[in-house]
Amino acid sequence: MTMLFLGFAAGLPILLIFSSLSLWLVEAGVERAAVTFFSWAALGYSFKFIWAPLVDRMPLPLLTRWLGRRRAYLLLAQLGVIVAIVGMASTDPASGPTSLTAMALFAVLLGFMSATQDIVIDAYRIEVAPPERQGVLSSAYIAGYRIGMIVAGAGALFLASHWGSAREAYVYAAWQQAYLVMALAMGVGVLTTLLIREPVVAEREPQPSGAHARLLAVFLCAVLGFVGVFWSWGQWLSPAEPGPLLGLLVEALRMGAALASAFGVGALMVHAGLASREQARETWVLPVLDFFRRYGAHTAWLLLALIGLYRISDIVLGVISNVFYQDMGFSKTEIAYAVKTFGVVVAIAGGFVGGLLTTRIGVMRSLFWGAVLAALTNLGFVALAFAGHDVQLMYAVVAADNLAAGFASAAFVAFLSSLTSVSFTAVQYAIFSSLMTLLPKTLGGYSGGMVDALGYPGFFMLTTLMGLPVLVLVVLSKRLLPVGR
């Protein structure tokens, strides 16, 4: 029951950034290209491995002594999620650029706090029960997560529609009340955190030294370096009206420069003695070195490429899918029933099928067929783009897409788990799951511009072609990995 409720709390925030927010922004009159950039607010999930070691080691003043290490961070993250959702609810994106910027900042806060909650829940699940019970806990967590997604997806759309907001008649108060209800629903997670017990393993571990505070300072300086370069580039160096290809290149360079700045600032801080080099090495470097030592440089780079590209077809398409449905004339209620309810149930079924077949035919074969299905089902969106408002075809496309996504996700989780070392379980899994979404979500931020340039049929064909290199990577990885995978 604990993992069911914590899964609900983990599944609730993501669609409030990644899906429901896009419909809100479209109704508020925000341009499609700008709407898809908001998916970058969820990039916190792609960088959570950077602060996961800090969450694992550093105590929180007062809270850790009161609740214990895991529950303290859980409560902090959940309260942060609630504050971010309330902040979004208090901001009308139709009021102008200043309000849109405020909405973006609250969305980034929501992504960061939600990713932090995921880190803690993963650690709590591992520590609270022996290995033979982890399968049951994971199943309960996934079920709760999907229920949270239904509430945040279908629930938010139903409420906004019920209270009178539509694309033709935008009502800010309707979306505001819908998001406030979502903030209230996070009370399930807060109440669960206050009632559960702290894992015994975490209680027996010694408290970290004050040196971890210096590691936190290094992390914060690195974040400021990233924000400074990213913001300055956007203010001074971006071309006024770039074409779609030039804009993609410029923004890719912008992201790369900001990341390089963050890592550079962090390295300089450690070199200057702000934090212990040995502690920084144990925190961030050793888990990566372990992975390369176990597999060798050639195989390790190939595996990292596979991890970074495996979900690219469905994630890039998923960023703009809700906008696409609205452009095809589907109402919020139709989207809520088909995508946020029916689709999630089908995805759960796909996950069970994927898990069953993975045990029967092996991880790598399941991984290959998952990649094939994830790419080919995108062609259904091409048919829907030409058909327009066809509810039956919409349900067929949603069913195929979510069945494939559920199957591929189950195979991929099994694959990531097989790569993780017992010595660095939490950090390495955070690295893999972060890398899984980094490139797809970054590209997804440009999906609105891609649609403007290619049209919906051309864009969906492009997302299908994006899946072809994944098949090659799966075949090559299968040859290099030990027999039995």
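**Notebook: rings, a helix and a loop**

The model is predicted, so I kept its limits in mind: local features need pLDDT of at least 70, side-chain atom pairs count only at pLDDT 80 or more, and totals for chains, interfaces and linings use all residues. Residues are numbered from 1 along each chain as its sequence is written, and side-chain values use heavy atoms, with hydrogens and water left out.

Next I looked up ring pairs. Rings of Phe, Tyr and Trp (its six-membered ring) pair if their centres lie within 6.5 Å; planes under 30 degrees apart count as stacked, over 60 as edge-to-face and the rest as tilted. I found 23 aromatic pairs by this rule. In one of them, the centres of F342 and Y395 are 5.2 Å apart and the planes stand at 55°, so I noted the pair as tilted. F342 lies in helix 17 (residues 332-361) and Y395 in helix 20 (residues 391-419), 53 residues apart. Helices are DSSP runs (H or I, at least four residues), numbered from the N terminus. F342 is also partly exposed, at 30% relative accessibility.

I then found a cluster. Ring pairs link F324, Y325, F330, F381, Y456, F459 and F460.

Helix 4 (residues 48-57) came next. Seven of its ten residues are buried. W51 and P53 are among them.

Last, I checked L62. L62 sits in the loop between helix 4 and helix 5 (63-67). Its phi is positive, about 70°, although L62 is not a glycine. L62 is exposed, with a relative accessible area of 75%.

Conventions:
Buried < 20%, exposed > 50% of the residue type's maximum accessible area, 1.4 Å probe, protein only. Helix = DSSP H or I, 4+ residues; strand = E, 2+ residues; numbered from the N terminus.
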